[in-house]
Amino acid sequence: MTAEGVRPVDDITRGREQAFNFVHQLLSLTAPGGHFLALFFDAETSEQRLVTRLWERIAPFPEGGRNHTLNLLLSGLRQAEEHGHGTLTHSRYGGVAWAADREAAMAWFNVVHLKSFPDLINAPAVQREIGRFVDRYVQPSGDVALPSGVHVIDFHTKPHPACHLPGRVP
């Protein structure tokens, strides 16, 4: 991943090295005693399993499937923790993604999950599959409650040694 976006890498080992370097760079931007916070959709929910199936029409996910990016981030942060750079906290929370109606839920899938990618949003079979999924979760009131979940990752960087002393600013 770069400032320009995600770049596919054919060599998994090289890709992992680049990912760990990216994590290290992110942490270097975090102030001493600060927090690096990341949120990831839970790839094991029915919503995300559908999203994974749809994207895999384009290309398969590497190694551990849809959790690949989450696993890379956690591995990089665990390495930083093991080297004494801070403390990692990782929690998973279940819940629902709410949409006002079927149309809003469909838009959620097409824009947020499918990134308005034409090969997916213009495919009638994809839209039918999303529609069938959304229809299962339409509430009597007309709103939609999609089963969802999120991983919350917090890396608290090690404070600068002088930060705890009154009147001393590093």
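Biologist: Which residues have the most contacts inside the largest nonpolar core?
Modeller: Happy to start there, with a word on the source: this is a predicted model, where local features need pLDDT of at least 70, side-chain atom pairs count only at pLDDT 80 or more, and totals for chains, interfaces and linings use all residues. Residues are numbered from 1 along each chain as its sequence is written, and side-chain values use heavy atoms, leaving out hydrogens and water. A nonpolar core is a set of buried Ala, Val, Leu, Ile, Met, Phe, Trp, Tyr and Cys residues joined through side-chain atoms within 4.5 Å, where buried means under 20% relative accessible area, exposed over 50% and partly exposed in between, with a 1.4 Å probe and protein chains only. The largest one has 19 residues, and those with the most contacts inside it are Phe109, Leu114, Val126, Ile130, Val134, Val144 and Leu146.

Biologist: Which helices and strands each supply at least two residues of this core?
Modeller: Helices (H or I, at least four residues) and strands (E, at least two) are DSSP runs, numbered from the N terminus. At least two residues of the core come from each of helix 2 (46–55), strand 2, helix 4 (102–113), helix 6 (124–135) and strand 3.

Biologist: What is valine 134 in contact with, leaving aside its neighbours within four places in sequence?
Modeller: Contact means heavy atoms within 4.5 Å. With those neighbours set aside, valine 134 touches Arg102, Ala105, Met106, Phe109, Val144 and Leu146.

Biologist: In what order do the three strands form the open sheet?
Modeller: Two strands pair if DSSP finds at least two bridges between them. The pairing here is antiparallel, and the order is 1-3-2.

Biologist: Why is one side of strand 1 and of strand 2 left without a neighbour in the sheet?
Modeller: Strand 1 (35–41) and strand 2 (86–99) stand at the edges.

Biologist: How many bridges join strand 2 to strand 3?
Modeller: Strand 3 covers residues 144–157 and runs antiparallel to strand 2. Along this pairing, valine 96 has proline 147 as its bridge partner, and tryptophan 98 has alanine 145. The number of bridges is 14.

Biologist: Which residue in strand 3 is the bridge partner of phenylalanine 36?
Modeller: Strand 1 and strand 3 pair in the antiparallel sense over seven bridges. In strand 3, the partner of phenylalanine 36 is phenylalanine 155.

Biologist: What pattern does the chain follow along the sequence?
Modeller: The chain has six helices and three strands. Read along the sequence, they give α-β-α-α-β-α-α-α-β.
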